[in-house]
Structures are given as C-alpha cells and as structure tokens.
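Please open the structure in your viewer and keep the sequence beside it. This tour goes from one selection to the next and says what is found at each stop.

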Amino acid sequence: MKKSLYLFIIFLICANASAQEEKPIKKQINAVKISTPPRIDGILDDKIWEGIPTATDFVQFDPINGAKPSQKTKVKLAYDNSAIYISAFMYDTSPDSICKGLSQRDNINNADWFLIYIDPYDDAITSYGFLVTASGVQVDIKATTEGEDGNWDAVWESSVRINDKGWVAELKIPYSALRIPKKDIQTWGLNMMRYTNRNKEKISWNFIDKKTSGFTNQQGELLGIKNIEPPLRLSFTPYLSSYVEKQPDNDNASYFIKGGLDLKYGINESFTLDLMLIPDFGQVQSDDQILNLGPFETYFSEKRPFFTEGTELYEKAEIFYSKRIGSTPEKYYNIELNDNEEITDNPSETQLINSTKITGKTKKGLNVGFLNTMTTNTFATVKNTITGNKRKVMTQPFTNYNLVVLDQSLKNNSYFSIINTNVSRFEDNYTANVTGTDFTLKNKKNTYAIIAKGAVSQINTDTSNNNLGAYYDVDFSKISGNFRATYTQRLETDKYDPNDMGFLQNNNEIMNRIILRYNIYNPFWKMLNLYNYFSMSHSTLYSPRKYTSLHLSYNLNTTFKNYMSLGFNMNVSPIERHDYFEARIPNRLFILPSSENINFWCSSDYRKKIAFDLYSGSYKTSSDDKEFGYWIGISPRFRPNDKLLLNWDINYDFTNNDKGYVYDSNDTIYFGRRDMQTITNTLNLSYIFNNKQSLKFRLRHYWSKVTYDKFYELQEDGRLQNSSYSENNDINYNAFNIDLVYTWNFAPGSELSVVWKNSIYNNEQIIRKNYFDNLDNTISSPQTNSFSFKILYYLDYQYLKKKV
C-alpha cells in the first residue's frame, strides 16, 4: 500500500509540473466613516452616499466563469462606531423582468438577490454573508473553509426598492453580527455577489475562479476602517410558549406553559457568550422516521436552532453529533418490572436545563469554541396493576455534556485544530472522553493539500477503564484545476467509540480509496458544465485483518443550456463482500454476492411555473435467487405566483429476495429471504404573505412492508443453509406526520409562531396490500397531536439604553 501511495503522489506532481498559474488579483475598495447614519429605506437619497468610492467591474461566476456581466452593478460602503452600511444598485435594462419570488427568511424562491461577504480577520477562514432578495427576504450565511452554513443567524436591517433603472438594496450590519479584531486600522476580506434569476447569471466583485479550490480565499479587501469603537454587545431573547397536547394513551389533553431566555453577551470585540436557559424545542419539525432493518443506527439531521447556529467549529474531527444531547434516556428500553407492574409513563427524551456556547477568535487567528449542556434526572413511572401503587424508575441521571475546540488559522488558507468532547453521568460513575485533531495544509498556489483528522476515545465505568480506541483519516489531494484527485486512508480500531457525543455507524475498519475528478466549468456544445467522478475503494477489518469489500463508482452530472440538469451514477462491487456486522454478533461472517446498481436523475428549470425532479435506479446481484431491486421517484413543483409554492415528492422502492438478519438464539443466527416495498409521499405547501409572514404545511406518509418467504441459518463460513424456522416476522410499518407552521417576524430578531403537529407511528405484522386501505388504517390508529403558540422578542441593550 505504501508503494501505491508513493506512485500516486508522484503521479499528481507530474500531472501539475508544467502548470503555470497567474497570481490572482485581489481588488480593494475603501469604506468611508460617517457621522450620521443613512435611513435604511432603499431610496439612496441620503447625502452621505455622495462622494463615496464605488465598487464596480463585477465578473461572471455563472454561466461563463470570468466573462463580463450582462448588467451593471454599483456598491458603496460606509461605517460608524455601530455598524457598516451598504448601498447596492443593481441596474437592469428590463426592470419589469426582475424576479421577486417571496419565501420564508433564510430561503430563496425564484428571486434576484444581492449578497455581501465580510471577513473581518481577512484570513479567508470565516466570512459572514448577508443576502437580501429583490422582494426583501433576508438570508444570512457563514462561509468557512468547510463550506457554507445556512443555519447561522444574525440581526441586521435591510430594505429594497425597484425603480425604472433596476433595483436597490440598502443594508445596515451592526458590529454585533460580526467578530472584529481589536485594531486601530482594519483590513477586512470582502466579496459581493449578485444573481439575476431570469438568465441564471451570478456575478462577483472579486473574481472567483471555479478551477481554484474554495471561494473565501478568492476575496478582495475592504480598507479605510479606522479607530472604530464598537458598543457593548448584549442582547436578550426571552420566549413564552404554550402547548395543548393529546397523547394516544391519554383520554384527556394536557396543557402547559413554558418560558425561557437566550442571552448573547459580547465578552469583547471577538468573543461571544450564548446562554440558553430552559430551552423549548417543541415546535421543531418532526424527524423523518424510517424502517431500519440494518445493524446500524439511523442518522437524523439536527433541526434545533441553538445546536445548528454557529456550530461549524464543533464539527472538527467528526466527533460531535448534537442530537445526542437531550436524546433517548440510556435505560429507556431496559426498565426492570416486578410482577403485576406496567409502565405508565416513560419520557423518550431527556430534559435540557441549560446550554452555553462561547465562540470567538483572537487577533492571531486562534478560533475558540466551548459548549456545555446539562440535562436533568429522567424518570419513568411504573404502576402496580393490583394495588395501584406507583414508583419512579430513573432512566438517566443528571448528565453533563462538554465540548472544547481550538482552531488555529495558518498560511495558505490552512488550519490546525484540537477538539475534546466529554460526557459525564456522575451517579452512574460513567465518563466518555474523546480527543481529536483536524488539520488542512495547502501549498502556496492552492493546488495541493493534505487533509487529516483523527481522535482517541476512552470510556470509564465502574467495571472498566481500558476501553481505549482511535481512528484517523488522511487525504492527499490535488484540489484545483479541471483535473482533481484524492488518495484517502481511513482506519478505525475495534474499540473506537465516540457515540456518547458523536455519531459513528461502525468501527473496526481500514479503508483505502482513490478519487479522480475531471470537471468542465464553462459552456461547450449544448452544455453549461460537466462533472465527472470516479472512485475505487478497498476495505478490511482492523482486527482481525480480513477483507470486507471492493467498490467501484462512477458519477456524471451536467446542466444543459436550457437549464435541464441530468445525472448518472453506477456502483459496482465486482467480487463478493464479507459483512461482519449484519449478524449482530462480533466476527460472525455473512457473505454477500457481487452486485451492481445504476442511478439516473434529472431536474428541470425551476424558473418555470411548473418544474419537476425525476430519479430512478436499479440494482442486481449475482445471486441465483434473482435478488434485485428498483426505485423511482418524481417530485413535481407548481408555483402559480410569487407567493405560493407546492411541491409533492413521490417515491417507490422495491427489493426482491433480499437476505438479512432476523433473530438469534442459543448461538443460532437466523436470516430470512424477504421482499421489501416502500412508498413515501411528501407534500410541501408554502404561502408567503409578505417578507415577514408565512404559512407552511408539510405532510409525510412513509409506508414500508416486509414479507418473508424463506428462512436460513447462518453457517460459520458465512453461507446460508435452509432452516425450519417459521415464525412470522412480516412487518407493516407506517409513519405519518403533519407540520403546519405560521410564522411572523414582527421585528428584527423577534418572531411569533403558531404550530400544529400530528404524528402517527404504526408497526404491525398484518400486511396490507392496498395503499388506500393501509392509509385508512394508519389514520385511524392512535396519534399524537400538539398545538402550540410561541413568541420570541429580541431586546438589544443599546436600543434599551437609548430609550431610558
């Protein structure tokens, strides 16, 4: 393997030896200090805008990278001790064709927009993005070397106007929305972008070359900011919520009121404390539950705002999964009952007491992140069915979750990080500790990179203090140009376990992979672009060192000049795979046949009132049992006007003669041959009253049925032998959810929301063949209903100080 790696590196060096790259041009613009702030009304008639330097000469990013834009754009910047102000004039020769689609905050729907990125440290590591559409909808984005984080939110002001020459955006970005170094003379990284929807043209002030990796490293500079004295950054966001809930096991509805507070305090210009007291996440959208027959846990994306905003630092080294905080209690499924006892109440989530974040950056480029969350004791209630006596059973004691990360910015858009997570359940004498590192080193031309991460985990309990494990993942990559390549090696020991505060489906693996890419970024023939991807990976167990899989993959996707996008993917496992996890018993082998699958997708032009996404695929194995599968899905979109959008996603998935684990008893492991059919319907309807108020409806019905027709016993050699086992293991699983949400952003940072949530989960062994009979049975099943009202009010200390 070492020899292969050396040859791969030599190949990359030779492939780029003759490449001559010009040093990118970095534009500069001066901001002017003002004594009187402008009115943020989108008119630009304030005298302060006169005589201020103008940023012009934007360059195309899409569709022709580097070409001149079709429309003229002018931007001016000013500042005082409180904020930075931006005036942007997007000239348009056809003002009546400016797209003004409305959407919820942080979403874009068929609209022109203007975006400004500000990097106060000018280190190309973190940029704060502020986007406003031609209809006045605000979107804020934090861009890092890892990508864009749309979950980050800030409080700022904007106003837009459409006139006979185009449209205007005027913005006020308070320093409280940024992290600013303590310097008398500031140099900030800066880039600005404009998007014209009718011709899908995206332009930037400082040229962003698609052949160059990253875009924060391709920014210009904002000069002229001197001797600013940012005011104290202190804000409070108290909330009050009320709920009416009806549980399926209770004839009576329950009523309760919650209250809490989110406090943000600027420790200094660069560091911020974010404290959440008595959090309430009851209005968060329901997770999309699925039927999981595999040996690994299902991953669900985080939707709770506190744990999605500004948490990009916490993602270093892949050891933090915020859904662990407030998750299912440790002993939820393991409550010991005495004779004649039943469980009458068993909370499925632990209750958060508070959560604290500290984030910031020193003037030398050291990013610091801290997170601490506490959950209270969680109890189930057990009742004696004869005496009626009740007792409490602790399912999880008080638990402390802690995370610390240090991330040092280096030259050439590189960095080095150290991160630690710790979970402590003191009453159980249980501690889980994971320490990791994550670094990227790039050369001066930004053409090559070494990207590495790794961690060590240790779990300490009353009975064991020797559960020590580790992993590492190292990439050697050519990261720029049309041709790109990566060699990866990943190793996870058999005792590596970050799952008390992280997420890892399985450990005990060594994987080597080569990825080759060739991309065409500018239009040719009938295409706007073309992306090609090929990978080959080989995996073994870490201990014992045994083969598990060989995998080949090819992917192609393109967008045509009519803005129809197409994609094709093929995956091949040319030889049999050795699975050591499906049997649920360590080191028990299950041999799977060689296989191949093909996927296809296409997406039409979303600018049209009617658009669609279509995807399909199939797979087959070399098994004599005719094991195969196919899937197809269609997602039509209907947008009759700028306010209403309807999207319906329909997916059908069928698998024939799949083989998998069923049951084990007395060292005998039973597998079954099964047909699996899954139908998913998801309906999304949104109506946007204006750029402050919206109504969103989401309905999802997931139906999966599994029927077994044959059973086997797993042999020591990994093969299957016919069995007389004949228990009924058929499954008919349904998940039905409705989320109806009205939102009103009645003031900056303030929100009123009214939410109705309905959920039904039904798992039975009676297979229903007709879709509508199954749907009728599901809707008639016990269900949970929740109706809630919540108000958040943003209070800024500086604003309150002026009023007193």
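A residue is called buried when its relative accessible area is under 20%. Select Cys-99 to see this cut-off at work: its relative accessibility is 15%, so Cys-99 counts as buried. Go on to Cys-602, which is buried as well, with a relative accessible area of 8%. While you are looking at cysteines, keep in mind that the structure holds zero disulfides.

Before going further, colour the chain by pLDDT, since this is a predicted model. The mean pLDDT of the protein is 93, and 97% of its residues reach 70 or more. Now select residues 1–22, where the pLDDT is below 50, although this stretch has 25 contacts in the model beyond near neighbours in sequence. Where pLDDT is low, the predicted coordinates should not be read in detail.

Next, select residues 138–144, which make up strand E8. How many of the seven residues of E8 are buried? Seven of the seven are, so the strand is mostly covered by the same cut-off of under 20%. In a regular strand the side chains alternate between the two faces of the sheet. On one side of E8 you will find Gln-138, Asp-140, Lys-142 and Thr-144, and on the other Val-139, Ile-141 and Ala-143, all of them buried, which leaves both faces covered.

Strand E7, residues 126–133, pairs with E8 in the antiparallel sense over seven bridges, and the two strands form a hairpin with four residues between them. In the turn of that hairpin, select Gly-136, whose phi is positive, at about 90 degrees.

Now move to Gly-220, which lies in strand E14, residues 220–226. Is Gly-220 buried or exposed? Its relative accessibility is 0%, so Gly-220 counts as buried. If you leave aside residues up to four places away in sequence, Gly-220 touches several others, including Lys-26, Lys-27, Asp-122, Trp-188 and Trp-205. To get a sense of distance, draw a line from the C-alpha of Gly-220 to that of Ser-623: these residues are 403 apart in sequence and 58 Å apart in space.

The last stops concern aromatic rings, of which the structure holds 36 pairs. Select Tyr-321 and Phe-503, an edge-to-face pair with 5.1 Å from centre to centre and 65 degrees between the planes. Tyr-321 lies in the loop between strands E17 and E18, and Phe-503 in the loop between strands E28 and E29, so the pair ties together parts that are 182 residues apart in sequence. Both Tyr-321 and Phe-503 are buried. Then select Tyr-663, Tyr-670, Tyr-708, Phe-711 and Tyr-725, which ring pairs link into a cluster.

Finish with two places where a charged residue lies over a ring. Arg-637 lies over the face of Tyr-606, at 4.0 Å from the ring centre, and Lys-790 lies over the face of Tyr-239, at 4.9 Å from the ring centre.

Definitions and conventions
Residues numbered from 1 in each chain as written. Predicted model: local features only at pLDDT ≥ 70, side-chain atom pairs only at ≥ 80, totals over all residues. Heavy atoms only, no water. Phe/Tyr/Trp six-rings, centres within 6.5 Å; stacked < 30°, edge-to-face > 60°. Buried < 20%, exposed > 50% of the residue type's maximum accessible area, 1.4 Å probe, protein only. Lys NZ or Arg CZ within 6 Å of the ring centre and 35° of its normal. pLDDT = per-residue confidence, 0-100. Contact = heavy atoms within 4.5 Å. Pairing = 2+ DSSP bridges. Disulfide = S-S within 2.5 Å.
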